[in-house]
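Let's take a walk through a protein model together, one piece at a time. Keep the picture beside you and find each part as we come to it.

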Amino acid sequence: MKFGRKSEPTPEATAQSSGDAADTAAAPTQPRTDGPFDESQVVDDGVHRVDLGSLLVAPSEGRELRLQVDEASGTVQAVMLTGQDGALEMQVFAAPRHGDLWSTVRPQIQADITGRGGQAEEREGRFGTELVCQMPVQKPDGTVGLQPSRIIGINGERWMLRASFLGRPALAPEDAGDWEDALAQVVVRRGAGAMPVGEPLPATLPDQARRVT
């Protein structure tokens, strides 16, 4: 397990009202039969997971767990599983009870990507409506290329998990079942405190983490 420098910021889930205040106005969501799960759904399920505070992530063969840390504040910005063929980046946000925050923020993410010269189109996948994206990035040689990604939003009990696939699982969704299985094993620990909608849930460094530069 490693943790490294903060990566370039990505569009975050945003909203103006508090999670508790928005509960009564939120549309209901259907219970999930496939993960990711709320912590209350996986008591004693026999799966070993690394405890990162708001996220509990099961080890995945051939992949490394990495944490993106803001060097100034020391806070964890995102959790990543990385492998030779791609990566899975995860962030979790506070959401209304039984709400559909993903439907609210998805158009905002699309607008942000297109506003920065990229492309973002919707498709239906294993976890519902997702975004297939291409973002301009500067290569080491100074030329500009396109970085593919798939952005998935999963509504839970007062939380929304945003997952971004990079590399092969973004380019070939039909062959990304093993990566999607890794995502389905993730558990979210929301906590009982009131939080504004769209506020990131805090992740923490485990004791065995070590810094890489």
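The chain folds into 4 helices and 13 strands, where helices (H or I, at least four residues) and strands (E, at least two) are DSSP runs numbered from the N terminus. This is a predicted model, in which local features need pLDDT of at least 70 and side-chain atom pairs count only at pLDDT 80 or more, while totals for chains, interfaces and linings use all residues. Residues are numbered from 1 along each chain as its sequence is written, and side-chain values use heavy atoms, with hydrogens and water left out.

How much of the chain is buried? Of its 213 residues, 48% count as buried; that word means under 20% relative accessible area, while exposed means over 50% and partly exposed lies in between (1.4 Å probe, protein chains only). The accessible surface comes to about 10700 Å², and carbon and sulfur atoms hold 49% of it. These areas come from the Shrake-Rupley method with a 1.4 Å probe, and for residues only the protein chains shown count as cover. A contact means heavy atoms within 4.5 Å. Among the contacts in the chain with a separation of 6 or more, 63% are between residues 24 or more positions apart.

Now find helix H2, which covers residues 101-115. Its 15 residues reach 21 Å from the first C-alpha to the last, close to the 21 Å expected at 1.5 Å a residue; the expected span is 1.5 Å times one less than the number of residues. Which residues of H2 are buried? They are Leu101, Trp102, Val105, Arg106, Ile109, Gln110 and Ile113. Seen down the axis of H2, these buried residues fall within an arc of 155°, so they line one face of the helix. The arc is that of the directions from the helix axis to the C-beta atoms. Just after H2, Gly117 takes a positive phi of about 90°.

Next, look at how strands pair. In general, strands of a sheet pair through backbone hydrogen bonds, either parallel or antiparallel. Here, two strands pair if DSSP finds at least two bridges between them. Leu65 has Leu81 in S6 as its bridge partner. S5 and S6 form a hairpin with 6 residues between them, and Gly74 in the turn has a positive phi of about 80°. From S6 to S7 there are 5 bridges, again antiparallel, and Val79 stands opposite Met90 in S7. This hairpin of S6 and S7 has 2 residues between its strands. In S6, 6 of the 8 residues are buried, so the strand is largely enclosed by the rest of the structure.

Another group of 4 strands forms an open sheet with mixed pairing, in the order S2-S12-S4-S3. Strands S2 (37-38) and S3 (50-51) stand at the edges, each with a single partner strand, so one side of each is left without a neighbour in the sheet. S4 (residues 55-57) pairs with S12 (residues 187-188) in the antiparallel sense over 2 bridges, with Leu55 opposite Val188.

In the largest one, of 30 residues, Leu55, Val57, Val79, Leu88, Met90, Leu161 and Leu183 touch the most other members. Apart from it lies another core of 14 residues, among them Ala95, Ile113, Met135 and Val197.

Finally, visit some loops. A cis peptide bond joins Gly35 and Pro36, with omega about 0°; Pro36 sits in the loop between helix H1 (19-22) and S2. His98, in the loop between S7 and H2, has a positive phi of about 60° although it is not a glycine. At 41% relative accessibility, His98 counts as partly exposed. Arg158, in the loop between S10 and S11, also is not a glycine, yet has a positive phi of about 70°. At 9% relative accessibility, Arg158 counts as buried.

Key: Core = buried A, V, L, I, M, F, W, Y, C linked by side-chain atoms within 4.5 Å.
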